[in-house]
Structures are given as C-alpha cells and as structure tokens.
Amino acid sequence: MKNVYLLGATGSIGRQTIEIIEQNPNDFNLVAISGYNQLDELIDIASRCSLKMICVKNQEDAAVLKGIFKETEIVYGDEGLKSVASLNPEDSEAFLINALVGMVGLAPTIAALSINRDVLLANKETLVVGGHLIQELLASHSAKLYPLDSEHNAIWQALNAESMDSVNRLIITASGGSFRDYTREQLQSVTIEAALDHPNWSMGQKITIDSATMMNKGFELIEAAYLFDIDIDRIVPIIHRESIIHSMVEFVDHSIIAQLGPHDMRMPISYAMYYPNRKPNPTQPLDFSTINALHFEAVDYDRYPLLALAISAFKQGGSQRTVLNAANEVAVALFLEGKISFLDIEAIVIDAVKKHQGIPNPSLDEIIAIDQAIKTQIRNEYEK
Ligand code: NDP
Ligand code: MG
C-alpha cells in the first residue's frame, strides 16, 4: 500500500489519477490533495475519501471546507501546496503526484524532493523554469523523479534502464495540435473553441493551447533534456499525426525502441504509479487492424516559432526560460479570456524573451520574482 499526495486533483491528470486510486484501494491510499477554482469538484473528491490535508485557493474557500471536513487540516495558497507536498516527512512508502498546471508547481516539487519524497511529475513547467534546481536536488537526495508526460514516460519505458551511453537520440513525437493543417494566414482568425479542439488528446485547456502553438513540444524538449540528462540537440521532435507512437529511443547501433499505446493518460500514470511493476488498467488496447498507416513529417520551425524559441531559450539558459514560461502562461490566459488573438500568443512570448536581460542559474525566489514581474507587465499592457 502506497500513500499518495496529489496536487491538482481537480484537473485532467488529477481526476484520472483518482480514478486509478479508487479502482485499486488495496494498492493506494490518497492522503492529501489540492484544488483551485473548482471547489465543488474538490469537495466531491474529498467526500469520497478520508484525507489528512486539503489545499484550496484562498482563505475564504478554506473557511468553507473547514465547516465541512472537521477532521481534515485545511491549508491554502502557494504555502498550502508546499504543505501538501511535504506532509508526513517520515512517510517513506509514498509519492507526490504533481498535476498542477503552470510554474506554481515548481516550489511544491522542490518541497517534496527536499524531504526525499519521490515525485511523479505531470507539471512540466517545473522543469522548464527550474530544471537546474531540480537536478541539484536529485543529485543530493535519494528521491526520484518519474515522468507522467506521455512522451517522457514512453522514453522511460523504451530505455528500460539501459545506460544513456548507449543512446544516440531521443525521438519525441508531436501530433501537431489543433491547427496542424492550417497555414499561418489561416491562423489569423482562429477561435478559442477551435484551438481547444485537439485532434487526439483530451487535456486541460492550457496544454491544449500549448499543443496548438507547439510551445508544448518546446517544453517537452527541455523536460527531456533534464530528465534524461541529454544534449537538447540530440532530442528530435517529429510530427506523427496519429499519436500512436508516444516517443522513441534510438541507440548507438541505430536500433530504435518505440513505445506505442492508445491516447489515454491513464496508461502512463498507471505505469509510473506501479513502477517497477505493471498492472492492468481500463484503457482500450490498440487494434492494429483499424490503423491503416502511421505518418511522420519533419517539423517546420517557421510554422511553429515557439518551438524554435524554446530550444534557443534553453541553450541561453538561466532566467530566459522563466520568461519564456511566464509570458506563455499569461498570453495563453489572455487568449482564453478572449483578449488577444491566437497569433498574439507567439508575438508576446517572442517579444518578452527578446527583451529580457537574463541572469544565470536563478534561485527559486528569483524565478518567482521574474515570473510575477513579466506576468504583471504583460497583463497591464493588454488589459489597458
Ligand atoms: P488542468 O488545467 O486540467 O488541471 C490543473 C490543476 O491545477 C487543477 O487541479 C487546477 O485546479 C489546479 N490549478 C490551476 N492553477 C492553479 C494555481 N494557480 N494554484 C494551484 N492550483 C492550480 O491541467 P492538466 O491536468 O491538463 O495538466 C496538468 C499538468 O500536466 C500541466 O503541466 C500539463 O502540461 C501536464 N500534462 C497534462 C496532460 C494531460 O493529458 N492533461 C498530458 C501531459 C502533461 P482547478 O481545476 O480546481 O482550478
Ligand atoms: Mg506530452
């Protein structure tokens, strides 16, 4: 029996994680969770289990939950997220699942690793903005970081504990997102609804927009560079419309091992939760008789400038990645609020990264300060 601490319980990854826990009550015990805007959903989840701690958005919501869950500790805000991540430090048969969206996930990841708690990471922004901090922590602690993101989970499976010395390249597949068949001219007038209509995956809103701009693939290259400690130039993105192959490892002898499966995040989540074992799950098996072909095409970096920008921001290092992420978070939010057009997302992020005077190896406090400054500055500009 493993104890599970879950951040982002009300989200797409969070709800799928809870499904796995509820289907396997002898294997997992949910101890603490967090939610944010969806208070009713959080109350619904909390009513189904006996929790030690719940983290909510603010003090007002905390007062509501205290009235309902009298035996449970209720915390709130960014400090509350860290409290959930590091609750019961002596609990060694446990892991944190970080399914938060955005850089708010960085501090709780650090809090969990700091008490030697393993982290199953969906929150890729943790590594985009703070990969250097996480690498340092992993080097000095026994805790492990395991990827839930389907591409990285696929690489983890395909590597199967072989040495990175045997690896030539990592090949990361990309669906191309909602607008993969649109020209840049056609992108000028796309709607929020069309952007949220991903061809293959059902996910949270922010990552669905990030997939359409391919910022998501840029983030995933950075994520892979840190997770597998490999030069980013040896990570190759390739468009694969069917999203059947989740990613591949090419070894030095040019043998390639790919991981395939349905478009269902319950598979990588379950793999990570049961690692090093495997357990049946409710996903539908692939039916090869219905798959006529698998397609691959090279990525056009002019078509997806944010992918190219992510690679260059990673190579520049330091706080460029904080700005890349902060500008993207606020631009995606402004697009979803109907305040800017789809192509404005790219323009805002490119402009912010270009203007930023970077600092090397920013600390957590510096990352938080830069993140806040960039978000405030861009919001002020576009909400005038
Ligand atoms: P969702 O938007 O569906 O869920 C995000 C979760 O974080 C929700 O529980 C939300 O609460 C909470 N949250 C949002 N903002 C804050 C905040 N400021 N403070 C505290 N909590 C907050 O996202 P996804 O589940 O889609 O994605 C989660 C992470 O996993 C992202 O980093 C994403 O890139 C990554 N990922 C997701 C995949 C997917 O299939 N969905 C696939 C691979 C990676 P509430 O809903 O109550 O507001
Ligand atoms: Mg992914």
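**Exercise 1. The magnesium site**

Does D149 count as buried or exposed, and at what relative accessibility? Determine also which protein donors hold the magnesium ion (ligand 2).

*Solution.* The model is predicted: local features need pLDDT of at least 70, side-chain atom pairs count only at pLDDT 80 or more, and totals for chains, interfaces and linings use all residues. Residues are numbered from 1 along each chain as its sequence is written, chains are lettered from A and ligands numbered from 1 in the order in which they are written, and side-chain values use heavy atoms, with hydrogens and water left out.

Step 1. Buried means under 20% relative accessible area, exposed over 50%, and partly exposed in between (1.4 Å probe, protein chains only). D149 has 8% relative accessibility and therefore counts as buried. E151, at 9%, counts as buried as well.

Step 2. Donors are N, O and S atoms within 2.8 Å of the metal (3.2 Å for Na, K and Ca); water is not among the atoms, so sites may look incomplete. The protein donors of the magnesium ion (ligand 2) are D149 (OD), E151 (OE) and E220 (OE), at 2.0 to 2.2 Å.

Step 3. Along the chain, these donors follow the spacing D-x1-E-x68-E.

**Exercise 2. Aromatic pairs**

Classify the ring pairs W156–Y271 and F179–Y182.

*Solution.* Step 1. Rings of Phe, Tyr and Trp (its six-membered ring) pair if their centres lie within 6.5 Å; planes under 30 degrees apart count as stacked, over 60 as edge-to-face and the rest as tilted. The structure holds 11 aromatic pairs.

Step 1. The rings of W156 and Y271 have centres 4.9 Å apart and planes at 75 degrees, so the pair is edge-to-face. This pair links distant parts of the chain, with W156 in helix α7 (residues 150–159) and Y271 in helix α11 (residues 266–274), 115 residues apart. Both W156 and Y271 are buried.

Step 2. The rings of F179 and Y182 have centres 4.8 Å apart and planes at 55 degrees, so the pair is tilted. F179 is buried at 0% relative accessibility, whereas Y182 is partly exposed at 30%.

Step 3. Y146, W156, Y271 and Y275 form one aromatic cluster.

**Exercise 3. Strand β9**

Describe the pairing of strand β9 with β8 and β12.

*Solution.* Step 1. Strand β8 (residues 167–174) runs parallel to β9 and is joined to β9 by 5 bridges; L170 stands opposite I235 in β9.

Step 1. β9 and strand β12 (residues 297–298) pair in the antiparallel sense over 2 bridges, with I239 opposite E297 in β12.

Step 2. Of the 5 residues of β9 (residues 235–239), 4 are buried, and the strand is mostly covered.

Note on methods
Pairing = 2+ DSSP bridges.
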